[in-house]
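Please consider the sequence and the three-dimensional model below together. The explanation that follows is meant to be read alongside them.

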Amino acid sequence: CPAVGYLRRRRGVSTRSGLTSLAGSMLTRAMALPATPRTRGAFYGDLEAPGALERMVRTTSLRGELVLLHGNSKRRRLLLNLIAQLNGLDIDHILLLAFTPDMCERLRRNRNGAVGCAHSSHLLPPSPLAATRPNATKSAAMAAAAAAWGMADSNYRHWLAKWRTMRRLLEARVNVLALDSDVAVFSSPYPHLHGAFRRFALVAAFDTKGGFANVNVGIVYFNNATAGGPVHSIMLEMERRVEAALAMPPPQKVPYGSLPGLFWDQNLFNKALLSAMANHALSLPDPAGRSFLGGGEWSRTHAAELRRLGDVLKTWRRGEAAAPPGLSVRPPWFPHRAEYRYWSLRRAAVGADASLWRPVPEERILLAPPWLVSADNAFGHRYKHWLYGASHHISPYLPTS
């Protein structure tokens, strides 16, 4: 296996496509995959229950690090394959955040407790036992609003729960590497995240289709970000926008496009990030031209400035990082020195709770070079997977459908 911290997005992969087993058989020749995927501590439970997150951190994290995976039962085989890939790299400090308690119970039974699984009741009606907890009234009102918007069983609620969990872990001083289920890992990324890129508080990927700031959040790493600092404030701003959206009465029939416009995590992240970059609480319209939260006049007036800020290749600072030894490179598609981009945030996201803001010199966001995080719409040339590996190695670029 190439000696490189490498994460690959596999877009459009279905558990019925055969690509999951193909990836598994190819990786078996390159690394020792365990017969049984496992996670450290095998935590189970609702992370919204009192003390549950703290117990999970004590049980599952390792020296302040945690890998967070997320998905529903349709992605179960992909997730187990991803856990096995991580185990083959001696990484087991993994939490699987499932969409439902039923998925966790099935994993507990079928895997004999080897794979821990948590779920989150965020934005669901609180149980009678939870009715006496602090903020129970607010939680119940938000859950009722989410149900009215049709979010109770939607992916959007689960994705928001994932970001809430990551925000709470940041506040608990845990570094989180969050991977979508369509990711393949070929070598440990930690030597690079803790080495050349250790000064970046957030690592993500460039995406030509990522949204307003062109950032893809399918792979993110939070590294020693400060509670109350700029990165943390972006996460708080995302939650503030969700609360503001839920406070609006939903239409009798929720129109197509309104849920992603209001509640899609990648959409929210890009809007909150661009707001922090522009130092203005932006209310941005989506492609259909809707600006759901109103107040879009400033955005229209400053459209040229926002387009410039969102143009990563022109406005973000550029750096280069040499491809690590062992990775086959074939210019011009995959240069020996690959570009990355970064942005320095020196203030909180506009709109986030000012009482939580702690001034820090700066926190930098990295859009990773293609040898660290690769995807079809990220840095590097598209659809050249057959050119990125040597014949005696597995190809870092898996064929995808």
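The paragraphs below take up the sheet, then a helix beside it, and then the helix pairs.

This is a predicted model, in which local features need pLDDT of at least 70 and side-chain atom pairs count only at pLDDT 80 or more, while totals for chains, interfaces and linings use all residues. Residues are numbered from 1 along each chain as its sequence is written, and side-chain values use heavy atoms, with hydrogens and water left out.

Helices (H or I, at least four residues) and strands (E, at least two) are DSSP runs, numbered from the N terminus. Ten strands form an open sheet with mixed pairing, in the order β2-β5-β4-β3-β6-β9-β8-β12-β11-β10; two strands pair if DSSP finds at least two bridges between them. The edges are held by β2 (44–46) and β10 (317–322), each with a single partner strand, so one side of each is left without a neighbour in the sheet. On average, neighbouring strands of this sheet are turned by 30° against each other, direction ignored. Within the sheet, β8 (residues 202–206) pairs with β12 (residues 363–367) in the parallel sense over three bridges, and Ala204 stands opposite Leu367 in β12.

Helix α4 (residues 101–110) has buried residues Met103, Cys104 and Leu107, where buried means under 20% relative accessible area and exposed over 50%, with partly exposed in between (1.4 Å probe, protein chains only). Seen down the axis of α4, its buried residues fall within an arc of 100°, so they line one face of the helix; the arc is that of the directions from the helix axis to the C-beta atoms. Asp102 and Arg109, on the other side of α4, are exposed. The buried residues of α4 pack against β2, β3, α3 (76–87), β4 and β5 (117–119), contact meaning heavy atoms within 4.5 Å. Just after α4, Asn112 takes a positive phi of about 55°.

Helix α8 (residues 230–246) packs with α6 (residues 155–171) at an angle of about 145°, the axes lying 10 Å apart. Axes are lines fitted to C-alpha atoms, for helices over the stretch in contact, and angles run from 0 to 180 degrees between N-to-C directions. Among the residues making this contact are Trp163 and Leu170 of α6 and Met235 and Val242 of α8.

Helix α8 also packs with α10 (residues 265–278), at an angle of about 120° and with axes 9 Å apart. In this contact, residues of α8 including Ile234 and Met238 meet residues of α10 including Leu268 and Phe269.
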